[in-house]
Amino acid sequence: MVTHRANIYKEVGAAMDQVELRRLESKCSQENPPACTAGCPIHVDVRKLMLAIQNQDWKSAASILQQKQPFPGIISRICDHPCEDVCKRKDVGATVAISNLERFCLENHAPKIATVGAVPPKSQTVAVVGSGLRGLTTAYDLARKGYIVTLFEKSDRLGGNLWKHPEQQLPAQVIANELSVLNRPNVTIESNTVITRQDLSQLKERFDALYIGFAAQSEDALELLGENSTVDPISCTTPIAGVFAGGQLGNNSPINAVADGRRGAVSIDRYLQGASLTASRDREGAFESKLFVNVNKIPSLPAVPMSHESGGYTGEEAVREAGRCLNCQCLECVKACKYLESYGGYPKKYLREIYNNESIVMGTRHANKMINSCTQCGLCAEVCPNDLDMGQVCLASRESMVRRGKMPPSAHDFALRDMAFSNSEQFALTRHQPGFNSSKYVFFPGCQLSGSSPEHVEKVYAYLTEQLAGGVGLMLRCCGAPAHWGGNQGQFQTSFEEMVAEWESLGKPQLIVACSTCHSMFREKLPGVVSLWELIKDMDLPIQGAGANYGKVAVQDPCTTRYEQGIHEAVRHILLRLGCEIEELPYSKELTKCCGFGGLTAFANPGLAQQIVENRIKESTADYVAYCAMCRDRFAAHGKRTLHLLDLIFADDLQNAATRPDSGFSQRHEHRARLKRTLLHKFWQTPQERERGYRTIKIICNEEISKLMEERLILIEDVQQVIEHAEGTGSKFINPDNGNYLAYFRPARVTYWVEYQPQEDGFVVLNAYSHRMEIVEEVKP
Amino acid sequence: MNKTANLPPKPVWKCGKCGGELKHGTVKITYLGNDLRVEELKCLNCGLVLITEELALGKMFEVEQSLEDK
Ligand code: SF4
Ligand code: SF4
Ligand code: SF4
Ligand SMILES: [Zn+2]
């Protein structure tokens, strides 16, 4: 678990570099092999094999085995299967019977013996002494690479210890068949040839390299190598240059003997190619996989028994047993996050795409939208075994895009303008409590609560001034989160400095924030900031009667409170005091999910934001209670009955409150502006100011048009400006059939078009759309 | 932007400024420092340009998006 979200690639101005990419990539375990494959000394792709068996695709099954096993018919019958010891199914039932399933494949669907592949022949020669599994594997691997191999065997047949297996387990015919792969032009078999220590130097003369196919320190090895019998277990080298030998002790594990022989072949190949014998060999032989697999919620399943113990699995049994394979993956974060799921991959892949996106100098940057679609909620880091925080990665990448002037303007423009509105004259306000000239506290309701429920802001402020002594000042503005989420550090900093200056002008009172996003923006930077919920949890609550005994509610913790235990507890404490029964959502508190507004996803990728909400509101049938206005409004907009915690304290009609629709962007602006006027009037007796200019133009739109404008991010004030301009200059089109007007205006970076009809004292809007391209055209007067 | 496909037979709109008919003519548009010349409806008298909803939300949007990703 991560409790502090460290800043990824800190250095200002730097984009993600190779080193950083590697560091981040190494945190994602998804591309590591499953435990079985890593635990198999020759790394059979067991996961893929199990799928092939389930699909009864015997051709694929055979080729998966052939890819790694030198003599599949032999190995499948005698392998001591260390893979099974580490199989993850072990903890939820019993280990998958991998070896028996391999045996089933080979016994019932044996592939044709692999024929000589077309490898370019090499001129170098290798002698292999001994034809047990070690020697056979080395000879086979080197022959496949094109070396000229001579295999020396003291008896009259190849196989060594293989012949000690009972006929019933490993029939002689199978051994003969399988070893026939060595019948190829570049392999010479010298049977009935005993090699002694004296012969070694002569063999060294004749061949470019030698492999002694005996277990390290075995009797045979000691006899041949004498004082030169110390073998390096990693590179299989002996003290004699060009002479290699088995590096592993003992002959009790057939599969380790194969792996040992393979290691020898790798070394000889490297030796003959002049490559390093020691570089990157940590993944040869069995190793422990870093792949994280969560088996917590997987139901246990017992092993499929064999109806005929000695005869092996029947086809039907094999398919069922293979079906117990967990198809091990990590994907913890992908399972938890709709965003990560929606791009069809996993963080390791995404990191590379983000890196590439940043490195492009010319051409299309394909990952822009992906980078701008993350909600920055931090859930991935919480569920990731290695705390990889894709939210921080995306944020850092956005910051770098903004710095380099590469941020697509359409992604965040609207949200940033909304923020500018909230920090303008229209909403921003800083005051001491009426009758006070200093403040012990200052209430900061935030722009979204003010936009969604201005009446609550009024009531909370009145309540706080009654409850708290020492003066409760008021600050209306935006905390700057949109700029932060959008990666616009400059704009965030400007807004933050302005905010701090205002706060200082009040004498640095304790900040009381109602919005957890504001809280998350300030908590590290301003001392003593407290959430409204922690502050009021034990104060007298002005319960309107309606709040008591509302019944069961499921709590939506905003993603910005992920590690704010104090807030989680305070909210639940208040709910209990209000007489509510609390239901915890499957994803709550430090596992909570974003509503889709965080990170400005709702602007950069509205379709995904919608999926995120839909997914979240499906988690429970209970009414939700949120303590962030955006969560509340987004759930309500998708038809989920959702209360704001303040509704339970201050609303008169909870049925209404639970179904109150989303406020919408235009209304939020209006609410904020009106809230400022109302508060000034009510608390500070300032005469109510009237709206001026285009804001007085009366706009009439039906529900359908309002919804369309909402989707297209067109505000009433945009429409008002278009009409003011059109009516003022006469620059408009007319449809002679119905008398409708069509006109455009470009207040800033967007051109708005409105089709309208004058009606009495106002204008009926019939259509509205916009584009960002600018028309460069001289309109002649 | 396509210059010929799907031209409506006759524009429904007339210039509200001078009452003139709208004709297809060359229009200069610009985005993120990229200038493009396209054939659009405009009033040949006073130069007022009409961008239809279909164009704004279709082809024009696509071009905007692809320029943003360049
Ligand atoms: S949780 Fe995600 S990022 Fe972490 S290791 Fe698993 S797949 Fe990779
Ligand atoms: S049975 Fe043997 S060869 Fe097959 S995966 Fe397990 S260890 Fe590897
Ligand atoms: S949306 Fe949240 S969980 Fe998903 S990648 Fe972004 S920060 Fe991680
Ligand atoms: Zn005209």
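This is a short tour of a predicted model, stop by stop, for you to follow in your viewer.

**Stop 1: chain B as a whole**

Follow the chain from the N terminus and the elements run β-β-β-β-α-α. If you colour chain B by accessibility, 39% of its 70 residues count as buried.

**Stop 2: the zinc ion**

Stay on chain B and select ligand 4, a zinc ion. Which protein atoms are the donors of this zinc ion? They are the SG atoms of B:Cys15, B:Cys18, B:Cys43 and B:Cys46, lying 2.2 to 2.3 Å from the ion. The arrangement of the four donor atoms is tetrahedral, because they subtend angles of 97 to 131° at the zinc ion. Along the chain, the donors of ligand 4 follow the spacing C-x2-C-x24-C-x2-C.

Are B:Cys15 and B:Cys46 buried or exposed? Both are buried.

**Stop 3: ligand 1**

Move over to chain A and select ligand 1. Around ligand 1 you will find A:Lys27, A:Cys28, A:Ser29 and A:Gln30. Also around this ligand are A:Cys330, A:Leu331, A:Glu332 and A:Cys333, together with A:Pro347, A:Cys384, A:Pro385 and A:Leu388. Colour this shell by class and you get eight nonpolar, two polar and two charged residues.

**Stop 4: ligand 2**

Select ligand 2 next. Its surroundings include A:Cys40, A:Val44, A:Val46, A:Gln69, A:Cys79, A:His81, A:Pro82 and A:Cys83. A:Ile98, A:Ser99, A:Glu102 and A:Ile255 surround ligand 2 as well. Which helix gives the largest share of this shell? Highlight helix H7 (residues 98-108) of chain A, which supplies three residues. By class, the shell around ligand 2 has eight nonpolar, three polar and one charged residues.

**Stop 5: ligand 3**

Now go to ligand 3. Among the residues around it are A:Cys337, A:Tyr339, A:Leu340, A:Cys374, A:Cys377, A:Cys380 and A:Met390. Show helix H15 (338-342), helix H18 (379-383) and helix H19 (390-403) of chain A, and you will see that each supplies at least two residues of this shell. The shell around ligand 3 divides into eight nonpolar, four polar and no charged residues.

**Stop 6: the largest cavity**

How many cavities of 30 Å³ or more does a search of the whole structure find? The search finds eight. The largest of these cavities holds about 200 Å³ of space. To find it, select A:Trp485, A:Thr517, A:Phe597, A:Cys628 and A:Met630, which lie nearest its centre among the 20 lining residues. Helix H21 (447-452), helix H23 (481-485), helix H25 (516-522) and helix H30 (629-637) of chain A each give two or more residues to the lining. The largest share, three residues, comes from H23(A). By class, the lining has 16 nonpolar, four polar and no charged residues.

**Stop 7**

A:Ala637 counts as partly exposed because its relative accessibility is 45%.

Next, select A:Ile582, in strand E12 (residues 581-583) of chain A. A:Ile582 is also partly exposed, with a relative accessible area of 24%.

**Stop 8: two backbone details**

Finish with A:Leu600, in the loop between E12 and helix H28 (601-604) of chain A. A:Leu600 has a positive phi of about 65°, although it is not a glycine. This leucine is buried, with a relative accessible area of 1%.

Then select A:Gln685, in the loop between helix H33 (665-684) and strand E15 (698-700) of chain A. A:Gln685 is not a glycine either, yet has a positive phi of about 50°. At 60% relative accessibility, A:Gln685 counts as exposed.

Notes
Residues are numbered from 1 along each chain as its sequence is written. Chains are lettered from A and ligands numbered from 1 in the order in which they are written. This is a predicted model: local features need pLDDT of at least 70, side-chain atom pairs count only at pLDDT 80 or more; totals for chains, interfaces and linings use all residues. Side-chain values use heavy atoms; hydrogens and water are left out. A residue is near a molecule or strand if one of its heavy atoms lies within 4 Å of it. Ala, Val, Leu, Ile, Met, Phe, Trp, Tyr, Cys and Pro count as nonpolar, Asp, Glu, Lys and Arg as charged, and the others, Gly among them, as polar. Donors are N, O and S atoms within 2.8 Å of the metal (3.2 Å for Na, K and Ca); water is not among the atoms, so sites may look incomplete. Four donors count as tetrahedral if all angles lie between 85 and 135 degrees; four count as square planar and six as octahedral if opposite donors are over 155 degrees apart and all others between 65 and 115; anything else is irregular. Buried means under 20% relative accessible area, exposed over 50%, partly exposed in between (1.4 Å probe, protein chains only). On a 1 Å grid over the protein atoms alone, a cavity is a set of points where a 1.4 Å probe fits but cannot get out, and a pocket is an open set with protein on both sides within 12 Å along at least five of seven lines; lining residues have an atom within 4 Å of a point. Grid points are joined across faces, edges and corners, and a volume is the space filled by probe spheres set on the points. Helices (H or I, at least four residues) and strands (E, at least two) are DSSP runs, numbered from the N terminus.
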